[in-house]
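Please look through the sequence and the model shown below before reading on. The text after them is a guided explanation.

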Amino acid sequence: MYQVATLVPEQTLFFLCDMQTRFKTAIDGFDELVLTINKMLKVAKVLGIPVMVTEQNPKGLGNTTPEIDVASLGDLHVATVEKSLFSMLVPEVKALLRERPHVKSVVLFGIESHVCVLQSALDLLHEGYYVHILADGVSSCNREEVPIALSRIRQAGGYITTSESAAFQLQRESGTPRFKAFSAVIKEEKENTARTSRQLLQYRSSL
C-alpha cells in the first residue's frame, strides 16, 4: 500500500547540506538558495525544528556561507559536521540521529543536487526516514542536473516539494498559538519566495 508521509514538527529534522563559501560563484542560483534556506531557518525557529548542518572538506571549500544565519538557531542547531563522504550520513550524523529516535522525517536542502543531496537522500531512505526535498532549496553547478537528480530521488521513494508547501504542511492549521509568528514569516518572505520560484523552479516544474 502506498504510504503518505506527513510532516509533523515534533518528528522532523532539517538537513542543510554543504552551502559553503567556495561554491558561491559556481552554483546556479546560489543567492536564491540562500534566501530559501534562511526562510526555512525562520520556520524552524517558529516551529521548534532542529537543524543539522554539514560541510564538505571545509579546509578546502570553506565554511557555511555567512549569509546563512545558522547562529540564530541557538539550541535548534544540532551540529555542524565536517565530512569527506559525499552523503551527509557520516558516523557522527548517524549517532546524532540515533539520539533522536522520534525523528521520522527529514527535510533536505543544499548542494549539489546530483551529488551530496542525492546520496544523502538515498542513504536516509535506506535508513527508513521519510525524505522531503525542497525543489527551490537545492541546486548544482549545472542546472540541467537538478531535475534528473530530483527524479532519481523520487524513484527511490523521496518526496519533492517546495519550501512554502513544506512550511505549511508543518504548520498544518491556523488555529494555533504559533500561527501568528508563522504567518509573519510567510508574509515577510513573500518577495523572496517569488524570486526563488522564478530562478529555481522554472526548470523543475514538470517534476
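Predicted model: local features only at pLDDT ≥ 70, side-chain atom pairs only at ≥ 80, totals over all residues.

Residues are numbered from 1 along each chain as its sequence is written, and side-chain values use heavy atoms, with hydrogens and water left out.

Begin with strand 5 (residues 130-139); helices (H or I, at least four residues) and strands (E, at least two) are DSSP runs numbered from the N terminus. Nine of the ten residues of strand 5 are buried, where buried means under 20% relative accessible area, exposed means over 50%, and partly exposed is in between (1.4 Å probe, protein chains only). Strand 5 pairs in the parallel sense with strand 4 (residues 105-111) over six bridges; two strands pair if DSSP finds at least two bridges between them. Tyr130 in strand 5 is the bridge partner of Ser105. From strand 4 the chain crosses through helix 4 to strand 5 in a right-handed β-α-β crossover. Right-handed is used here if, with the strands pointing away from the viewer, the path from the first strand over the helix to the second runs clockwise.

Strand 5 also pairs with strand 6 in the parallel sense, over three bridges, and Thr161 in strand 6 is the bridge partner of Leu134. The chain crosses from strand 5 through helix 5 (residues 145-156) to strand 6, and this β-α-β crossover is right-handed.

Ser113 is in helix 4 (residues 113-126) and is buried, with a relative accessible area of 1%. Its side chain makes a polar contact with the side chain of Ser140 at 2.5 Å. A polar contact is a pair of N or O atoms within 3.5 Å; within protein, one must be able to donate a hydrogen and the other to accept it, and residues adjacent in sequence count only if both atoms are side-chain atoms. Leaving aside neighbours within four places in sequence, Ser113 is in contact (heavy atoms within 4.5 Å) with residues including Val138, Ser140 and Ala149.

Which residues of helix 6 (residues 163-171) are buried? They are Ser163, Ala166, Ala167, Leu170 and Gln171. They lie on the same side of helix 6 because they cover an arc of only 135° around the axis, the arc being that of the directions from the helix axis to the C-beta atoms. Among the elements that cover them are strand 1 (12-17), helix 1 (30-47) and helix 7 (179-188).

The largest nonpolar core has 33 residues, of which Phe14, Leu16, Met19, Val51, Ile68 and Phe109 touch the most other members. A nonpolar core is a set of buried Ala, Val, Leu, Ile, Met, Phe, Trp, Tyr and Cys residues joined through side-chain atoms within 4.5 Å. Helix 1 gives the largest share of this core, nine residues. Apart from this core lies another, of 32 residues, among them Met52, Val78, Val81 and Tyr129.

Some backbone details remain. Most residues other than glycine have a negative phi, and most peptide bonds are trans. The peptide bond from Ile111 to Glu112 is cis, with omega near -20°, and Glu112 is in the loop between strand 4 and helix 4. Asp18, in the loop between strand 1 and helix 1, has a positive phi near 60° and is buried, with a relative accessible area of 2%. Asn57 has a positive phi near 45° and is partly exposed, with a relative accessible area of 41%.
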